[in-house]
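Hi,

Here is the structure you were going to look at. Please open it first; my notes follow below.

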Amino acid sequence: MAVGRRKVTVIGAGNVGATTAQRIVESNLADVVLIDVVEGLPQGKALDLAEAAPLHYHDHTVVGTNDYSDTAGSDVIVVTAGLARQPGMTRDDLLIKNMGIVRAVVGQAAGQSPDAFIIVVTNPLDAMVHVALETTGFPRERVIGMAGVLDSARFRVFIARELGVSVVDVSAFVLGGHGDTMVPLPRLSTVAGIPLPELLSAERIDALADRTRNGGAEIVGLLKSGSAFYAPASSAVSMVDSILNDRKRVLPCAVLLQGEYKIDGLVVGVPVVLGASGVERIIEVKLTDAEQTALRTSSESVRSLVETMRNAQA
Ligand code: A3D
């Protein structure tokens with residue numbers, strides 16, 4: 001990684017992208033380049049963020065641009081560019097549109113920063129990690145999807161509220177795809193080391209896991225237009241932090257499996273050690289039959305998205 005000032009490019013200056021940029025500079029992590037296809041949008045948000053620097057006691061630069069040459073030499077690229085689902089648009093329509101966007105933006109950004117780590121946020125998440133891997137040809141250690149960090153943060157909040165305890169003491173273990181196909185593992189989720197099933201009934205755990213699975217939809221329902229962005233941005237930033245500061249945090253991330261968890265060639269959310277080399281290790285835990293089946297179902301839904309994308313290109 002480059003010595004001296006660290007540089008993170010955030011592609012997409014919308015809700016998630018701008019909030020990610022804000023959190024990166026205000027937590028003193030790195031300089032940020034914010035890039036978007038819309039002219040003026042990244043420049044305006046970057047200037048606004050830069051003008052807050054004296055109030056947050058940081059000296060990081062925030063550059064807004066539409067030109068990929070400004071992103072050259074980035075240590076990390078966070079990909080949030082994409083469309084949200086519009087009325088009348090199917091999931092597959094969105095898949096194909098965002099495939100085109102992610103391919104275009106990641107190709108240009110990777111060309112400028114061939115050694116960067118890529119953190120993908122654009123949905124459908126697991127499929128977009130496939131697109132980023134194929135477009136860049138980067139090794140799987142450097143192309144990582146953000147989903148599990150958010151899902152487990154949501155689960156932690158719901159568990160903490162239910163038990164009236166600090167979120168800090170709750171640790172939630174999730175596997176699998178983002179959203180509907182997330183696989184929570186209550187037996188490996190703990191409150192200050194105490195396994196969750198000792199503290200909550202199976203029924204309550206199921207209810208909290210369901211709420212977590214639908215966590216994105218719950219917020220869309222409240223906001224009416226747009227989707228969650230504060231917690232998604234925080235989740236991406238915790239991954240950036242673990243890489244840039246070589247923290248070696250154990251975080252659930254969407255990575256390409258090559259035989260781990262008996263899955264080969266598909267991007268699935270699993271616990272990994274995230275450090276200065278990106279995904280430094282995939283942690284394999286022994287699953288029960290039911291958990292393995294749920295994980296397989298989750299990975300099959302990723303396979304079907306990958307096939308839809310292949311057919312669209314054929
Ligand atoms: P939004 O506020 O609409 O921002 C998207 C931005 O992407 C807009 O500013 C667009 O102009 C920009 N954009 C579109 N096409 C291009 C392009 N070709 N080049 C550069 N920029 C472009 O959306 P958002 O910030 O709320 O969400 C961004 C993405 O993240 C969406 O796909 C969401 O579904 C996804 N998301 C994922 C999670 C996960 O947990 C995986 C959570 C929240 C959001």
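Predicted model: local features only at pLDDT ≥ 70, side-chain atom pairs only at ≥ 80, totals over all residues.

Asp 48 and Glu 51 are exposed, on one side of H2. H2 spans residues 41-51, and its buried residues are Pro 42, Ala 46 and Leu 49. Seen down the axis of H2, these buried residues fall within an arc of 65°, so they line one face of the helix. An α-helix has 3.6 residues a turn, so residues three or four places apart point the same way. What covers the buried residues of H2? The cover includes helix H1 (15-26), strand E2 (31-35) and strand E3 (62-65).

Next, the ligand. The ligand is surrounded by 23 residues. Asn 15, Val 16, Asp 36, Val 121 and Asn 123 are the closest. By class, the shell has 14 nonpolar, 8 polar and 1 charged residues. H1 and helix H3 (91-112) each supply at least two residues of that shell.

- Asp 36: an N or O atom of its side chain is 2.7 Å from an oxygen atom of the ligand.
- Asn 15: a polar backbone atom is 2.9 Å from an oxygen atom of the ligand.
- His 178: an N or O atom of its side chain is 3.0 Å from an oxygen atom of the ligand.

How much of the ligand does the protein cover? On its own, the ligand has 870 Å² of accessible area, and the protein covers 84% of that.

Now two serines. Ser 235 is in helix H8 (residues 230-244). Ser 235 has 4% relative accessibility; the cut-off for buried is under 20%, so Ser 235 counts as buried. The Ser 235 side chain reaches the backbone oxygen of Ala 231 at 2.7 Å. Leaving out residues up to four places away in sequence, Ser 235 touches Met 146, Val 149 and Leu 150.

Ser 152 sits in helix H5 (residues 148-163). Is Ser 152 buried or exposed? Ser 152 is buried, at a relative accessible area of 8%. Neighbours within four places in sequence aside, Ser 152 is in contact with Ala 172, Val 174 and Pro 252.

On to H3 again. Asp 92 lies in this helix. Asp 92 is partly exposed, at 36% relative accessibility. Asp 92 and Ala 312 are 220 residues apart along the chain, yet their C-alpha atoms are separated by 9.9 Å.

Last, the backbone. Most residues other than glycine have a negative phi, and most peptide bonds are trans. Some places here depart from that:

- The peptide bond from Asn 123 to Pro 124 is cis, with omega near -5°. Pro 124 is in the loop between strand E5 (117-120) and helix H4 (125-136). Asn 123 is also one of the residues closest to the ligand.
- Asn 28 is not a glycine, but has a positive phi of about 60°. Asn 28 lies in the loop between H1 and E2. Asn 28 is partly exposed, at 43% relative accessibility.
- Lys 248 also has a positive phi, near 60°. Lys 248 is in the loop between H8 and strand E12 (249-258). Lys 248 is partly exposed, with a relative accessible area of 41%.

Best wishes

Conventions:
Residues numbered from 1 in each chain as written. Heavy atoms only, no water. Buried < 20%, exposed > 50% of the residue type's maximum accessible area, 1.4 Å probe, protein only. Helix = DSSP H or I, 4+ residues; strand = E, 2+ residues; numbered from the N terminus. Arc of directions from axis to C-beta. Contact = heavy atoms within 4.5 Å. Near = heavy atom within 4 Å. Polar contact = N/O pair within 3.5 Å; in protein donor to acceptor, adjacent residues only side chain to side chain. Areas by Shrake-Rupley, 256 points an atom, 1.4 Å probe, with all protein chains shown as cover. Nonpolar A, V, L, I, M, F, W, Y, C, P; charged D, E, K, R; others polar.
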